[in-house]
Amino acid sequence: MFERVIIVSGPTVEPIDPVRFISNRSSGKTGFHLANEAKKREIQEIIFITGPTNYIPSDVKVIQVETAQSMRDRILNYFDKAKVIVMAAAVSDYRSAEYFSEKIKKGDDRIYLEFVKNPDIIKEIGEKKSDDQILVGFAAETSNIFENAREKFERKNLDLLVLNEISKENPVFNEDSNQVFFITKNETIKLDKMKKSAIAALIWDEIFKIYNQMKVKFK
Ligand code: C5P
């Protein structure tokens, strides 16, 4: 039984001026299904931290954020008691170096914007987490997918990485079905193509499996 889990979902939105922003096409469906599946398990408190999305689950604690920086801060507020952190958010890798307090005026034919890197949230959590906290990440790769995924798994100190191969046959974004792989410490598991809700259920099965293995280790 988990005391608290955190599910992080949706895109982040990085403002440029009062009316403009950069973001991405993440629908938030995966995080939504993960929260609904979590409700069926023995979990006391589900914290759902999300960027702007239409997919908000009911009967969980919802915290809405916009930027990667605010997403990071809110995760850290709830981090200590969390036994599982699932990072299903599509975090913008960059944000505008400057926030323009006035709307940028139309003028020159070409304008330049400078971007700076956002915090790598999952990497920071991976560095902070203790041995009894489970960290789950996602990766979308187009080439050398297993090599890149394994490298990410190690570098970010994850316990489970859900790997999407993005291709014409498996477009991933905004679809209801998907074909993924689970990367764990000792295994690479190929799942059949299935509904995102079914994948979410299997992700929780895998998390509980990892937890039970940990319990054995700690005895
Ligand atoms: O390295 P990459 O962006 O492919 O890793 C994807 C994973 O890292 C996802 O779980 C995503 O939520 C997380 N991520 C993050 N902070 C970022 C970028 C990605 O936590 N700045």
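Modeller: The backbone nitrogen of Gly 28 and a polar atom of the Ser 26 side chain are 3.5 Å apart. This value, like the others that follow, is computed from a predicted model. Ser 26 belongs to the loop that runs between strand β3 (20-22) and helix α1 (29-38). Is Ser 26 buried or exposed? Its relative accessibility is 18%, and because buried means under 20%, Ser 26 counts as buried. When residues up to four places away in sequence are set aside, Ser 26 touches Gly 10, Pro 11 and Ala 90.

The C-alpha trace spans about 65 × 40 × 30 Å along the principal axes. Of the 219 residues, 45% count as buried. Among contacts with a separation of 6 or more, 61% are made by residues 24 or more positions apart. The protein exposes about 12200 Å², and carbon and sulfur atoms supply 46% of this area. There are 35 positive and 34 negative side chains, and the centres of the two sets lie 2 Å apart.

Glu 141 lies in strand β9 and is buried, with a relative accessible area of 9%. Its side chain makes a polar contact of 3.0 Å with the side chain of Lys 152. Beyond its neighbours within four places in sequence, Glu 141 is in contact with several residues, including Asn 148, Leu 163 and Ile 166. Arg 95, in strand β7 (residues 94-96), has a relative accessible area of 22% and is partly exposed. The side chains of Arg 95 and Asn 118 are joined by a polar contact of 2.8 Å. With neighbours within four places again left aside, the contacts of Arg 95 include Glu 14, Gln 69 and the residues Glu 114, Phe 115 and Val 116. Arg 95 is 89 residues from Thr 184 in sequence, and their C-alpha atoms are 31 Å apart in space.

In α3 (residues 121-128), the buried residues are Ile 121, Ile 122, Glu 124, Ile 125 and Gly 126. In an α-helix there are 3.6 residues a turn, so residues three or four places apart point the same way. The cover over the buried residues of α3 includes helix α2 (68-78) and the strands β6 (84-87) and β9 (134-141).

Two further loop residues complete the picture. Asp 59 is placed in the loop between β4 (43-50) and β5 (61-64). At 73% relative accessibility, Asp 59 counts as exposed. Its phi is near 60°, a positive value in a residue other than glycine. Asn 144 is found in the loop between β9 and α4 (145-155). With a relative accessible area of 51%, Asn 144 is exposed. Asn 144 is not a glycine either, yet it has a positive phi of about 40°.

How values were computed: Residues numbered from 1 in each chain as written. Predicted model: local features only at pLDDT ≥ 70, side-chain atom pairs only at ≥ 80, totals over all residues. Heavy atoms only, no water. Buried < 20%, exposed > 50% of the residue type's maximum accessible area, 1.4 Å probe, protein only. Contact = heavy atoms within 4.5 Å. Areas by Shrake-Rupley, 256 points an atom, 1.4 Å probe, with all protein chains shown as cover. Lys, Arg positive; Asp, Glu negative; His and termini not counted. Charge placed at Lys NZ, Arg CZ, Asp CG, Glu CD. Helix = DSSP H or I, 4+ residues; strand = E, 2+ residues; numbered from the N terminus. Polar contact = N/O pair within 3.5 Å; in protein donor to acceptor, adjacent residues only side chain to side chain.
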